[in-house]
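Here is a short note to read beside the model. Keep the structure open as you go through the points.

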Amino acid sequence: SADAHCSQQLMLLQELRHEATLRIENEVQQTALAYELSHEEYKDLQVKCWDKFYAFCLEYHELVSKPFGLFKDPSTGMVCLLKKEALSFLQPVEVIDSLSLSTHFECEDPVLSRDTRAFLECVMMVRQQLDPEVLDRFVSDVEHHTDLRRLASELASAILARTDPDLHISDNLLMTLRDKMSVISDLAAVLDHLCRRLTPSRPQG
């Protein structure tokens with residue numbers, strides 16, 4: 001079970017910690033026996049030995065963490081980064097991030113492309129001001145068709161509450177959002193354009 005596995009891992013970590021402590025203390029004792037050390041010198045020797053051990057741990061971690069290949073699971077499509085003693089699963093980029101970092105949303109109309117980029121920048125700015133819990137709750141509320149006006153009001157309140165200790169941050173954010181939104185000539189066209197880009201194309205037939 002998961003609990004048994006966690007308990008076993010915890011015991012292994014405790015044993016490893018105990019063994020590492022014994023080895024470091026033995027090295028300190030052996031070095032101290034060869035010299036007559038004062039209390040301060042003995043403490044410095046302990047620090048030196050632990051620093052040496054820590055440097056070895058970092059070197060080993062860098063060695064085993066170095067990736068040497070990629071693997072894609074054919075059944076799930078998940079991509080893994082192969083390492084010497086571990087696997088790292090690559091997380092897909094969020095939709096908004098993907099749109100902002102690519103030219104996928106751009107079109108032949110330069111005004112619509114400009115307006116879309118400005119709108120996405122506003123979305124990114126707002127999202128950066130929100131805690132993950134607030135974002136998760138927002139997504140859940142949207143999926144359950146909660147009133148959008150109320151959701152927008154709650155998001156605004158969350159941003160203002162977070163930046164209240166530094167009112168200039170809130171003022172600057174609102175001013176920047178207002179400036180960016182003011183250049184958008186047709187917000188409805190931008191939303192329609194993004195919906196079309198985000199909706200998978202249906203096969204003809």
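1. Two terms come first. Two strands pair if DSSP finds at least two bridges between them. Helices (H or I, at least four residues) and strands (E, at least two) are DSSP runs, numbered from the N terminus.

2. A word on the basis. This is a predicted model: local features need pLDDT of at least 70, side-chain atom pairs count only at pLDDT 80 or more, and totals for chains, interfaces and linings use all residues. Residues are numbered from 1 along each chain as its sequence is written, and side-chain values use heavy atoms, with hydrogens and water left out.

3. Now the sheet. Three strands make an open sheet, ordered S1-S2-S3, with antiparallel pairing. Strand S1 (69–72) and strand S3 (87–89) are at the edges; each has a single partner strand, so one side of each lacks a neighbour in the sheet.

4. Look at S2 and S3. Strand S2 (residues 79–82) is joined to S3 by three bridges, and the two run antiparallel. Cys80 has Phe89 as its bridge partner in S3.

5. Next, the whole chain. The protein chain has eight helices and three strands. From the N terminus on, the order is α-α-β-β-β-α-α-α-α-α-α.

6. How much of the chain is buried? Of the 205 residues in the protein chain, 18% are buried (under 20% relative accessible area, 1.4 Å probe, protein chains only).

7. Last, contacts (heavy atoms within 4.5 Å). Among contacts in the protein chain with a separation of 6 or more, 49% link residues 24 or more positions apart.

Note on methods
Buried means under 20% relative accessible area, exposed over 50%, partly exposed in between (1.4 Å probe, protein chains only).
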